[in-house]
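Me: Hey, I'm new to this one and could use a quick tour. Can I put it up here and ask you things as I go?

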Amino acid sequence: MNTSINKLSVVIITKNEEKFISDAINSSLFADEVLILDSGSTDNTCKIASELGVKVYKEEWRGFGAQKNRAVELASNDWVFVLDSDERITEELKKEILETLENPTANGYFVARLNNFFGKDIKTCGLYPDYSIRLFNRKFGKFNEVAVHESVQLQTKAQNLKNHMIHLAYESIDEFIIKQNRYSTLNHKKKSLFKAIINPYWTFFKLYILKQGFKDGWHGFVISKLYAQYTFWKYIK
């Protein structure tokens, strides 16, 4: 329970997330408000959220950055935590967030993610701590409205929280390929045959060798190989 004068809203954007949304919401119920902004779910996402007692708004899809900005606008409180439906706030992070809100020393905070790929938590391949600003005062920041890989742009310097959240990144290789294929289409990188040929090799070497993906065995090899493939797609499309 948040006893601070700085009330907190957790916001989540959704579309057909019935598989994940319940656990995401349950990890957020310590906040003063939880809301989802849905963009046309045809499954039980909104029903599940409503039954859990959170606010549900429905609006057309604007793009990742713009959609998250709209969700932040709909919140009742200036302090917001932006969570994805496949992410979970741990008990340790929850406690740290509440303690931070008692006496904030910054207007925004980077939060680490522990990414789970194919059933294994991965701390190699450059995938940990995977910091991004998630807890912030909306008076001082907003998401940049890019097509993919949106991030909070803060007017002042952000600080790091110590504890991480959980990200259920990909359950299977097929899911990874489908999502990264879509992201590479949205990325709008300038086509370059040279980079499409050379950069994937560098990506694999960096993740598997320099970022020590080999320490995660089969998982590290597959992740490095798939990100190399994603790099190829970015420059060839």
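Me: Let's start with helix α3. How many of its eleven residues are buried?

Reply: Nine of them, so α3 (residues 64–74) is mostly covered. Bear in mind that this is a predicted model. The buried residues of α3 are Phe 64, Gly 65, Ala 66, Gln 67, Lys 68, Asn 69, Ala 71, Val 72 and Leu 74.

Me: Okay, next helix. Which residues of α4 are buried?

Reply: In α4 those are Leu 93, Glu 96, Ile 97, Leu 98, Thr 100 and Leu 101.

Me: And what do the buried residues of α4 pack against?

Reply: Strands: β1 (8–14), β4 (79–82), β6, β8 (132–137) and β11 (159–170).

Me: How far does α4 reach from its first C-alpha to its last?

Reply: It's 17 Å for twelve residues, 91–102. That is close to the 16 Å expected at 1.5 Å a residue.

Me: Is Gly 108 buried or exposed?

Reply: Buried: its relative accessible area is 0%, and the cut-off for buried is under 20%.

Me: What is Gly 108 in contact with, leaving aside its neighbours within four places in sequence?

Reply: Trp 79, Leu 135, Phe 136, Leu 154, Ala 158 and Gln 159. Take Leu 135 from that list: Gly 108 and Leu 135 are 27 residues apart in sequence, yet their C-alpha atoms are 5.7 Å apart in space.

Me: Switching to helix pairs. At what angle do α5 and α7 pack?

Reply: About 25°, with the axes 9 Å apart. Here α5 is residues 173–186 and α7 is residues 217–236. Angles under 35 degrees count as roughly parallel, so α5 and α7 are roughly parallel to each other. Their crossing is right-handed.

Me: Which residues make that contact between α5 and α7?

Reply: From α5 you have Ile 173, Phe 176, Ile 177, Gln 180, Asn 181, Tyr 183 and Ser 184. From α7 there are Trp 218, Val 222, Leu 226, Tyr 227, Tyr 230, Trp 233 and Lys 234. Sorted by class, the α5–α7 contact has ten nonpolar, three polar and one charged residues.

Me: And α6 with α7, what's the angle there?

Reply: About 160°, and the axes of α6 (residues 193–210) and α7 are 8 Å apart. With over 145 counting as roughly antiparallel, that makes α6 roughly antiparallel to α7. The crossing of α6 and α7 is right-handed.

Me: Which residues of α6 meet α7?

Reply: Leu 193, Lys 195, Ala 196, Asn 199, Pro 200, Thr 203, Phe 204, Leu 207 and Tyr 208. On the α7 side, the residues they meet include Gly 217, Gly 220, Phe 221, Tyr 227 and Ile 236. By class, the contact of α6 with α7 has twelve nonpolar, six polar and two charged residues.

Me: What about the loop between α6 and α7, what's up with Gln 212 there?

Reply: Gln 212 has a positive phi of about 60° although it is not a glycine. Gln 212 is partly exposed, at 34% relative accessible area.

Me: Which peptide bond is cis around here?

Reply: The one from Tyr 128 to Pro 129, with omega near 15°. Pro 129 is found in the loop between β7 (120–122) and β8.

Me: Last one: what does Gln 153 touch, not counting residues up to four places away in sequence?

Reply: Phe 140, Gly 141, Lys 142 and Asn 144. Gln 153 is found in strand β10 (residues 152–154), and at 42% relative accessibility it counts as partly exposed. The C-alpha atoms of Gln 153 and Lys 142 are separated by 5.5 Å, though they are eleven residues apart along the chain.

Terms used
Residues numbered from 1 in each chain as written. Predicted model: local features only at pLDDT ≥ 70, side-chain atom pairs only at ≥ 80, totals over all residues. Heavy atoms only, no water. Axes fitted to C-alpha atoms, helices over the stretch in contact; angles between N-to-C directions. Helix = DSSP H or I, 4+ residues; strand = E, 2+ residues; numbered from the N terminus. Parallel < 35°, antiparallel > 145°, perpendicular 65-115°, else oblique. Left-handed = near helix turned anticlockwise from the far one by under 90°. Contact = heavy atoms within 4.5 Å. Nonpolar A, V, L, I, M, F, W, Y, C, P; charged D, E, K, R; others polar. Buried < 20%, exposed > 50% of the residue type's maximum accessible area, 1.4 Å probe, protein only. Expected span 1.5 Å × (residues − 1).
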